[in-house]
Every structure is written in C-alpha cells, then in structure tokens.
Amino acid sequence: MMTTATRNITLPAEWRDFWALTKPRVMSLVVFTALCGLLAAPGNIHPVIGFTAILCIALGAGACGALNQWYEVDVDAKMARTSKRPLPAGRMDPEAALHFGIGLAAFSVGIMGVAVNWISAALLAFSIFFYAVVYTIWLKPNTPQNIVIGGAAGAFPPVIGWAAVTGDVTLLPVLLFSIIFLWTPPHFWALALFMKTDYGAAGIPMLPNVAGQRVTRNQIFAYSFPMAAVAIAPFLLGESGWLYGVTSALLNLVFLALAFNVWRNEANEAKDMKPEKQLFAFSILYLFLLFALFAFDRILFA
Amino acid sequence: MTQPEQTGFTVEETRIIRQRQAARSRIMGVVLVALCVLFFMITVAKIGVWG
C-alpha cells in the first residue's frame with residue numbers, strides 16, 4: 001500500500017516484500033536445524049523426499065514469519081529494528097500478508113503429509129499453530145516468559161526433520177528439541193538486554209523490562225547450565241561419537257564463560273553491554289556448529 | 001482485469017503497477033514450473049521407478 005499526501009492508493013506489493021515477510025534469516029536457522037535432524041536420523045530417505053521435507057519446513061517457517069508480521073504490524077512500527085518491514089513501512093496490504101501466510105501454511109503441511117508422512121505433517125502443523133497463535137498472539141504480548149515457552153516453536157524443526165525419515169519421535173529428537181528450547185532464553189534475553197529500549201517502546205513485556213536487568217542476567221546464566229547438560233547428553237547416552245562429545249564440551253565451555261561475563265556485567269546502557277552482544281553473536285554460531293557437528297558425527301559413526 | 005487507468009491512477013502509478021505485476025507474474029511462473037518438476041520427481045520417487 002502506498003500513501004500519497006492527498007489520497008490512499010493501494011499498489012501491488014513487490015515480490016521482494018513477500019520474500020521479506022518470510023523472515024529469510026530466521027528461516028535459514030530453521031532449515032539448517034531441520035536438515036541436521038533429518039541427516040542424524042537412522043534409516044534412509046529418498047533425496048527427493050528429503051528435499052521436499054526440508055522445503056515444507058522452510059515454507060512452514062515462512063508462514064510463521066508472515067502470520068507473525070501480519071499480527072504484529074502495530075508493534076513492529078514502534079521498534080527501530082522492525083519498522084522497515086513491508087507492513088509497518090506501508091509497502092503491503094495486510095490482507096495480502098494474511099492470505100500469503102495461511103496459504104504457505106496450508107500448502108507446506110499438505111505437501112508434507114502427501115509426499116513425506118503425516119506424522120511430520122502433524123508436527124509441522126502444530127509448530128506453525130504454536131508459533132502463530134500460542135506465541136505471537138497469546139504469550140508474547142502478555143508474559144515475560146514469552147520466549148521460554150514460545151521457544152518450543154523454534155525447537156520443532158529438527159524433530160520434524162527426524163520424523164520425516166523415521167515416521168516417529170524417539171529420545172534423540174527430544175534431546176535436539178530440548179537443546180534449542182533451553183538455548184532460546186539466554187539467546188533472546190541477551191538481545192533483549194541491549195534492545196531493552198526498543199522492546200519497552202513497543203510495550204512487549206520482555207524480562208529486562210518487567211523484572212530488571214539483574215534478574216535477566218541471573219536467568220541467562222542459570223539457563224546456560226541445563227542447556228549445556230542437554231547438549232552433551234547425546235554423547236553421555238552413547239548416541240554420538242567422540243567428535244561431537246569433545247567439540248560440544250568445548251562449545252558449551254565457551255558459552256558458559258560468555259554467560260558468566262554477562263552475569264558479572266552491571267551495565268545499564270546498551271553501549272556498555274559488550275558481554276551481552278558477544279553472547280548473542282556466539283549463541284547463533286554455537287547452535288549452527290553444535291547441530292552441524294552432531295549430524296556429521298552421526299553420519300560418520302552411527 | 002480492471003485497468004489501472006479506470007481506477008484513477010496516474011501514469012506513473014500505472015507504470016509501477018504494470019512493472020510489479022510483470023515481476024510477480026514472472027516469479028509465479030518460475031514457482032509453478034518448479035512445483036511441476038518437484039511433483040513429477042516426488043511421484044517418481046514414490047513409485048520407485050529410479051530406485
């Protein structure tokens with residue numbers, strides 16, 4: 001939608017705006033963890049069916065992004081980080097975004113069910129529902145625990161990737177789910193600490209705004225321990241080889257050290273929050289490396 | 001199809017609309033061809049013609 005000084009004129013959105021609506025950067029992490037879950041699963045899957053499964057997961061993630069941005073257009077307009085998105089910037093009709101999101105969701109779940117299996121399709125449908133409804137509509141605007149419970153939505157992809165191969169869910173995909181679930185709070189709270197003003201302006205009850213920075217830093221450090229324990233668990237349970245065991249131990253030591261630096265920091269201003277920015281940046285690399293090493297280890301030694 | 005000229009758009013707006021419609025049509029065409037190829041490949045994989 002384009003607004004002129006004298007009249008409101010609706011112009012068709014550019015295809016790039018539809019692409020931006022899918023949150024491609026978030027999608028890349030979703031696709032990667034799903035692929036690792038698929039590669040780590042026992043058994044064989046036809047490459048075309050495997051590709052279709054990953055494509056459906058990517059489209060499902062895109063649907064989540066579109067539905068999230070459709071619902072949060074007013075909130076996004078208030079935050080510098082999100083104000084240039086297609087909807088708050090006025091480059092797209094909200095109805096088009098809603099139709100695009102619902103269409104992608106229905107298409108991805110349908111193709112997943114027909115081409116791959118209905119267990120993975122059901123998991124994909126539930127994860128889209130969880131992100132779009134439970135997290136975006138219910139949790140995010142109402143509770144500082146939003147990203148703790150909502151983190152489950154982002155933890156589903158490796159489970160779906162696993163289920164695409166095996167048609168079931170066992171202990172190992174539950175561990176992969178738990179790693180992302182417990183990684184989400186320290187990751188997002190580190191961001192929320194140095195973006196506190198932005199979230200505050202938008203009225204989103206993130207933990208630093210509601211409970212304060214000290215409590216948030218304590219929680220970041222506290223969550224890092226169960227996350228590290230779950231991350232090393234596949235090796236301790238004999239579900240992975242030494243390659244993953246040693247490297248995941250090292251990655252978790254670095255994560256804990258950075259979380260410790262955050263815990264020690266007393267800064268109130270974003271410009272003094274170097275430890276928080278370091279933890280946030282490393283947490284993305286951590287998840288990529290952890291899942292890549294796990295898949296690689298399973299392919300080599302399982 | 002409704003002509004932009006009939007809805008009170010300026011010449012410049014009409015040009016932008018046509019440009020965006022053309023770009024979206026091209027993308028849609030590519031997506032549909034890709035889906036046809038994908039559905040064919042899925043069918044082949046499902047019936048196990050090429051192992």
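This is a predicted model: local features need pLDDT of at least 70, side-chain atom pairs count only at pLDDT 80 or more; totals for chains, interfaces and linings use all residues.
The axes of α3(A) and of α5(A), which covers residues 94-116, come within 8 Å and cross at roughly 155°. Since angles over 145 degrees count as roughly antiparallel, α3(A) is therefore roughly antiparallel to α5(A). When the residues of the contact of α3(A) with α5(A) are sorted by class, they divide into 20 nonpolar, six polar and no charged.

The crossing of α3(A) and α7(A), however, is right-handed. On the side of α3(A) this contact is made by A:Gly50, A:Ala53 and A:Ile57, while α7(A) contributes A:Pro157, A:Ile160, A:Gly161 and A:Ala164. Divided by class, the residues where α3(A) meets α7(A) are five nonpolar, two polar and no charged. The spacing of such residues along a helix can be read with one rule in mind: an α-helix has 3.6 residues a turn, so residues three or four places apart point the same way.

Helix α3(A), residues 47-71, also packs against a helix of the other chain, namely α1 of chain B, residues 11-47, at an angle of about 135° and with the axes 9 Å apart. That angle makes α3(A) oblique to α1(B). Here α3(A) passes α1(B) in a left-handed crossing. The residues that make this contact are A:Val48, A:Ile49 and A:Thr52 of α3(A), together with B:Leu38, B:Met41, B:Ile42 and B:Ala45 of α1(B). Counted by class, the contact of α3(A) with α1(B) has six nonpolar residues, one polar residue and no charged ones.

What does the secondary structure of chain B come to? Chain B has one helix and zero strands. That helix, α1(B), has 37 residues and reaches 54 Å from its first C-alpha to its last, which is close to the 54 Å expected at 1.5 Å a residue. Of those 37 residues the number buried is one, so α1(B) lies largely in the open, and for the 51 residues of chain B, buried residues make up 2%. Taking the two chains together, 13 residues of chain B are in contact with ten residues of chain A. The side of chain B that touches chain A has, by class, nine nonpolar, one polar and three charged residues.

Returning to chain A, helix α12, residues 242-264, has 23 residues and spans 33 Å from its first C-alpha to its last, close to the 33 Å expected at 1.5 Å a residue. Its buried residues are A:Tyr244, A:Ser248, A:Leu251, A:Asn252, A:Phe255, A:Leu258, A:Ala259 and A:Val262. What covers the buried residues of α12(A) includes α8 (171-194), α11 (213-236) and α13 of chain A.

One of these covering helices, α13, runs over residues 274-301 and contains A:Phe294. Is A:Phe294 buried or exposed? With 29 other C-beta atoms within 10 Å, A:Phe294 is buried, because a residue counts as buried if 20 or more other C-beta atoms lie within that distance. Leaving aside residues up to four places away in sequence, A:Phe294 touches A:Cys36, A:Ala40, A:Pro234, A:Ser240 and A:Tyr244. A:Phe294 and A:Leu176 are 118 residues apart in sequence, yet their C-alpha atoms are 9.6 Å apart in space.

Another of the covering helices, α8, holds A:Ser178. With 18 C-beta neighbours inside 10 Å, A:Ser178 counts as partly exposed. The C-alpha atoms of A:Ser178 and A:Ala152, which are 26 residues apart along the chain, are separated by 8.4 Å.

A last stop is A:Lys23, found in the loop between α1 (15-21) and α2 (24-40) of chain A. A:Lys23 is partly exposed, with 18 other C-beta atoms within 10 Å. Its phi is positive, about 50°, although A:Lys23 is not a glycine. Most residues other than glycine have a negative phi.

Conventions:
Residues are numbered from 1 along each chain as its sequence is written. Chains are lettered from A and ligands numbered from 1 in the order in which they are written. Axes are lines fitted to C-alpha atoms, for helices over the stretch in contact, and angles run from 0 to 180 degrees between N-to-C directions. Helices (H or I, at least four residues) and strands (E, at least two) are DSSP runs, numbered from the N terminus. Angles under 35 degrees count as roughly parallel, over 145 as roughly antiparallel, 65 to 115 as roughly perpendicular and the rest as oblique. A crossing is left-handed if the near helix is turned anticlockwise from the far one by less than a right angle, and right-handed if clockwise. Two residues are in contact if their C-beta atoms, placed from the backbone, lie within 7 Å. Ala, Val, Leu, Ile, Met, Phe, Trp, Tyr, Cys and Pro count as nonpolar, Asp, Glu, Lys and Arg as charged, and the others, Gly among them, as polar. The expected span of a helix is 1.5 Å times one less than its number of residues. A residue is buried if 20 or more other C-beta atoms lie within 10 Å of its own, exposed if 12 or fewer, and partly exposed in between; C-beta atoms are placed from the backbone.
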